[in-house]
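User: Please take a close look at one part of this model. Then connect that part to the rest of the structure, in short sentences.

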Amino acid sequence: MLTALSDGLITGLILASIAAGFVLVYRASDILNFAQAQYAMLGAFLYVTYAQHLPLALAVLAACLTTGAVGAISYLGVIRPMVGQPMFATVIVTVALGNVITDISGVVWGPGQRSVPNFFEHLHLEHFLGLSATNVALLGSGLILAFYGLLALMLKWSHMGIAMRAAAENPVLTSTVGISVTAVYIVAWVTAGIGATLAGVSFAQQNGVSLGLGDLGLLAFPPLILGGLDSLLGAFIGGIIVGVIDAIVITYGNSQAQFAVTYALLLIILMVRPTGLFGSREVRRI
Amino acid sequence: MMRRRPVVLLLALLALTACWTALLIRGSAFTLAEADQVLTAVPAALALTLLTGRAGQVSLAQAALLALGGFCAGIIGGFWNVPFIVVLILAMIVGGAAGLVASLPAFRLGGFYLALSTLTLYYVVYYALQSLQNAGPEQLTGYGVPSAVVGIALTSEADWYVALTVIVALCVIVLARMFRSDIGRAWSAISHNELAASITGIEISKYKMAAFAISSAFVSLSGVLSAYQIGRVTIDQYTLGMAITYYAMIVIGGIGSITGAIVGATLVTLLPYWTANIAGLLPQQMPLARSLSDNIGYTSDLVVSLITIGVLVVAPQGLVGLGTALIRRMRNAKIGDSAILDACQQMAERVKGRA
């Protein structure tokens, strides 16, 4: 039970940081980015490639920056020109975007599984702190926690964070007081890419990276809905709850059932409490 | 006027079939097997024309509905030996029921939430069918599907070509009539403005559920057809990514247009073959060209996805929309050879007649 819990906690943090990307992008540009999970996969692949030439810490940084740039390019090149098009078009375009990232990764890195250099190995933490392998993985999740902390601080107090909240509330009014809404949106997409990369690298620490990582990222939708579509705290808590449920299903049930169970949960939440635990914005009811 | 419409439609269909067959006989454009593949995909593409193009809803559960159709063929048709036509109808009922269940949240929600609930449909159906397959002796081999019998057994590609043409023609007639009826207009109203539609007395949630149920039935139909042609179904073949293939069809052809769905299904089905040919022509010494043709599955999928994004960003109306815009512009510009203009206008009329 304890291993299930700690596994669940690690998975939960990974899901939470993917879900954080969904929340940021949804709050900024009112669309659900179905390519978010593919950013995580791309980030992990980039980390493996960079790690062959760079120190590991720099490799993580470089992977974050590259994926962030991909996020910015996605927004400027694909999402921004789609303003005013119906909701279904944005869903199709982001799913296609995810496909493009998967396919490019497939062409560049091939369909096989790649092992990932352990970020914490060369620090030899296990020697002087007496940390086991699981704890090392927990430490990887600590990276995500730090990201979350920074993000929350930034949204609360920094100028950009306040601009972000303002733009989410009312873009037109925000632009009239001299804030560049486009810049705000770009920051949101870049941050989403960075969060996804951290999630992808942490996940790959234990399981390696393959194209299937993009599918696994779809597990981040149930936490998103559980937490409420527009709440960062909700994504965090939802991620951990769903991660633990997921680990329990895998440990005591059938690993093939993990998607069916978590998505059944999503449907139940949608029927019973569509705003989730912490969602504030009114759900479009009809 | 209304009485004459079906005749026009039928004539348009006959013309379309004639074009197809002519291209086939010339043999240069595509083979009979590829034509069968295209026609098999058309009902599923038309289903999305209905759901997304007309009613404005999104579903990512195409693979689950195709799987339901396929497993109906494998279990009801193969295991219980029920005739092909009965399986076809049963599968449409099963698929329609699944679509109805997935759209239950439509009573309370819209937008993205409904799209996410179709993901639930995919994962739950996939898990259920996977468990079913793994529980029996079919775990590794999957279910065998007998050859379809409609009076005579459909065995050759030519048999299937005729049968598929008839089925696709029926689908087109049914959907074209539906789009022009009350329910079709209600869908259009909902997709343009839900609030305005509800004020005119349209019960939005019911029409949305109807759109999900009917379109799901047509996707299942595609699933049955392909299962009978392949002769075997296993759950592994139904991946989530299939959804985007069918969306690529309607986006590239033109969202909301029946002609567009057929054009798009043709292009998207044939594109992988063309991509493979082109990738083979690239100089194989180049590392990029090598990895492109080594991972040809990803390359062709990449081409389809890129074209889909390009069309959505640059020309959201798709090829059919571009065609009509071009004709309109030529007509307005009043330049060029009048004979060409006349021919174009006639073509436009024919396109309109078909759509």
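**Close look at one helix**

Analyst: The buried residues of α10(B) are Met242(B), Ala243(B), Ile244(B), Thr245(B), Tyr246(B), Tyr247(B), Ala248(B), Met249(B), Ile250(B), Val251(B), Ile252(B) and Gly253(B). That is twelve of its twelve residues, so the helix is mostly covered. Buried means that 20 or more other C-beta atoms lie within 10 Å of a residue's own; exposed means 12 or fewer, partly exposed means in between, and the C-beta atoms are placed from the backbone. Helices (H or I, at least four residues) and strands (E, at least two) are DSSP runs, numbered from the N terminus.

This is a predicted model, in which local features need pLDDT of at least 70 and side-chain atom pairs count only at pLDDT 80 or more, while totals for chains, interfaces and linings use all residues. Residues are numbered from 1 along each chain as its sequence is written, and chains are lettered from A and ligands numbered from 1 in the order in which they are written.

Now the length of α10(B). Its end C-alpha atoms are 17 Å apart, which agrees with the 16 Å that twelve residues should span at 1.5 Å a residue. The expected span is 1.5 Å times one less than the number of residues.

What follows α10(B)? Gly254(B) does, with a positive phi near 135°. Along the chain, 64 residues separate Gly254(B) from Gly318(B), yet their C-alpha atoms are separated by 3.9 Å. Gly318(B) lies in helix α14 (residues 318-333) of chain B. Gly318(B) counts as buried because it has 25 C-beta neighbours inside 10 Å. Leaving aside neighbours within four places in sequence, the contacts of Gly318(B) include Val251(B), Ile252(B) and Gly253(B). Those residues are among the buried members of α10(B). Gly318(B) is also in contact with Gly254(B), Ile255(B), Gly260(B) and Val311(B). Two residues are in contact if their C-beta atoms, placed from the backbone, lie within 7 Å.

Next, the chain-chain contact. 42 residues of chain B are in contact with 42 residues of chain A. On the chain B side, α10 (242-253) is one of the helices that each supply at least two residues; the others are α5 (112-135), α9 (204-230), α12 (287-294) and α13 (296-314). The largest share, eleven residues, comes from α5(B). By class, this side of chain B has 24 nonpolar, 15 polar and three charged residues. Ala, Val, Leu, Ile, Met, Phe, Trp, Tyr, Cys and Pro count as nonpolar, Asp, Glu, Lys and Arg as charged, and the others, Gly among them, as polar.

Now the domains. Chain B is assigned domain 1 (31-239) and domain 2 (241-355), with bounds from an automatic or database domain assignment. Their C-alpha centres lie 24 Å apart. The contact between them takes 22 residues from domain 1 of chain B and 19 residues from domain 2 of chain B. On the domain 1 side, α2 (32-54), α3 (62-79) and α6 (157-180) each supply at least two residues. There, α2(B) gives the largest share, 13 residues. That side has 14 nonpolar, six polar and two charged residues.

The largest nonpolar core has 215 residues, and Ala44(A), Ala45(B) and Ala67(B) touch the most other members. A nonpolar core is a set of buried Ala, Val, Leu, Ile, Met, Phe, Trp, Tyr and Cys residues joined through C-beta atoms within 7 Å. Domain 1 (31-239) and domain 2 (241-355) of chain B each give this core at least three residues. Not counting residues up to four places away, Ala44(A) touches several residues, including Val201(A) and Ala204(A).

For a comparison, take helix α9 (residues 181-207) of chain A. Its 27 residues reach 39 Å from first C-alpha to last, close to the 39 Å expected at 1.5 Å a residue. The helix α9(A) is largely enclosed by the rest of the structure, because 22 of its 27 residues are buried. Just after α9(A), Gly208(A) takes a positive phi of about 75°.

Finally, an exposed site. Asn81(B) lies in the loop between α3 and α4 (84-102) of chain B. Asn81(B) counts as exposed because it has 9 C-beta neighbours inside 10 Å. Its phi is positive, about 60°, although it is not a glycine.
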